[in-house]
Amino acid sequence: MARGFFITFEGGEGAGKSTQIRRLADTLRAQGRDVLVSREPGGSPGAEAVRHVLLSGAAEPFGPQLEAVLFAAARSDHVEQVIRPAIEAGRIVLCDRFMDSSRVYQGVTGNLDIDFMRALERVTVNGMVPDLTIILDLDPAEGLRRASARREHGEAADRYEKEKLEIQRQRREAFLSIAEAEPDRCVVVDAGQPEAATAEVIRKAVLAALGAMEAEPVGAEAGR
Ligand code: TYD
């Protein structure tokens, strides 16, 4: 059976990841593809339990290292229980945040040691590196404005959304540096455009990447 395809969505607050993931899932399903949508932190029962601890802020007083290990614990469970089985079954997995969020939120703005973060990422991801990462890029002021407009519609602010604009700026730069360092995996998409225009750019990038994967000779993915 053909191997599936793993796509992650990354970016700051209010960039519209979940809306764009929904739209892409609809597009791919309309083509008859088998799509699984997931998110981090969470995505498996074990990881959802850890998500609650992280997003409530209960872990925050114990510092970024403890939080990084908790994000990693959640990711490891999610990878082994959900993502790897889906990819092995030939499905397309769309995940709202993954390892790049840890690199940026814990590694860069949490100021954690780079070797520690690399080692944690290696054991956590355990080879399940995304085939494609869509980085939704947005001016942080606009992102925060969108996030607070969303809250007025009834969603509670999580502790991350309360953080300062300056931190969001650092995170934007960090996501862009990842994209620059790994151009084969990452595509930066301007999320400041109207929703439908952003969706169209994503659709094209994903179909191009899927087309390239499907054109590979059988067995070419064995080394991945
Ligand atoms: P969520 O409510 O899912 O927000 P968003 O819509 O921004 O994705 O909250 C997830 C928060 O967790 C988000 O602010 C980023 C943070 N996070 C990390 O700090 N490290 C990680 O590895 C992941 C996956 C998320």
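I began with glutamate 13 and the ligand: a polar side-chain atom of this residue lies 3.3 Å from a ligand oxygen atom. I count a polar contact as a pair of N or O atoms within 3.5 Å; within protein, one must be able to donate a hydrogen and the other to accept it, and residues adjacent in sequence count only if both atoms are side-chain atoms. The model is predicted: local features need pLDDT of at least 70, side-chain atom pairs count only at pLDDT 80 or more, and totals for chains, interfaces and linings use all residues. Residues are numbered from 1 along each chain as its sequence is written, and side-chain values use heavy atoms, with hydrogens and water left out.

I looked up lysine 17 next. A polar atom of its side chain is 3.2 Å from an oxygen atom of the ligand. Arginine 51 also places a polar side-chain atom 3.2 Å from a ligand oxygen atom. I then checked cover: the ligand has 540 Å² of accessible area on its own, and the protein covers 91% of that. These areas come from the Shrake-Rupley method with a 1.4 Å probe; for residues, only the protein chains shown count as cover.

**Shell.** I found 15 residues around the ligand, and Arg75, Arg97, Ser102, Tyr105 and Gln106 come nearest. Near means that one heavy atom of the residue lies within 4 Å. By class, I noted seven charged, five nonpolar and three polar residues in the shell. Here Ala, Val, Leu, Ile, Met, Phe, Trp, Tyr, Cys and Pro are nonpolar, Asp, Glu, Lys and Arg are charged, and the others, Gly among them, are polar.

Which helix gives the most to the shell? Helix 4 does, with four residues. Helix 2 (45–55), helix 3 (64–88) and helix 4 (99–108) each supply at least two. Helices (H or I, at least four residues) and strands (E, at least two) are DSSP runs, numbered from the N terminus.

**Loops.** I looked at arginine 97 again. It sits in the loop between strand 3 (92–96) and helix 4. Proline 41 belongs to the loop between strand 2 (35–39) and helix 2.

**Helix packing.** I took helix 4 and helix 7 first. They pack at about 135 degrees, with axes 10 Å apart. Axes are lines fitted to C-alpha atoms, for helices over the stretch in contact, and angles run from 0 to 180 degrees between N-to-C directions. Helix 4 and helix 7 are therefore oblique to each other. Angles under 35 degrees count as roughly parallel, over 145 as roughly antiparallel, 65 to 115 as roughly perpendicular and the rest as oblique.

I then checked helix 6 (residues 140–151) against helix 7 (residues 165–181): their axes come within 9 Å and cross at roughly 120 degrees.
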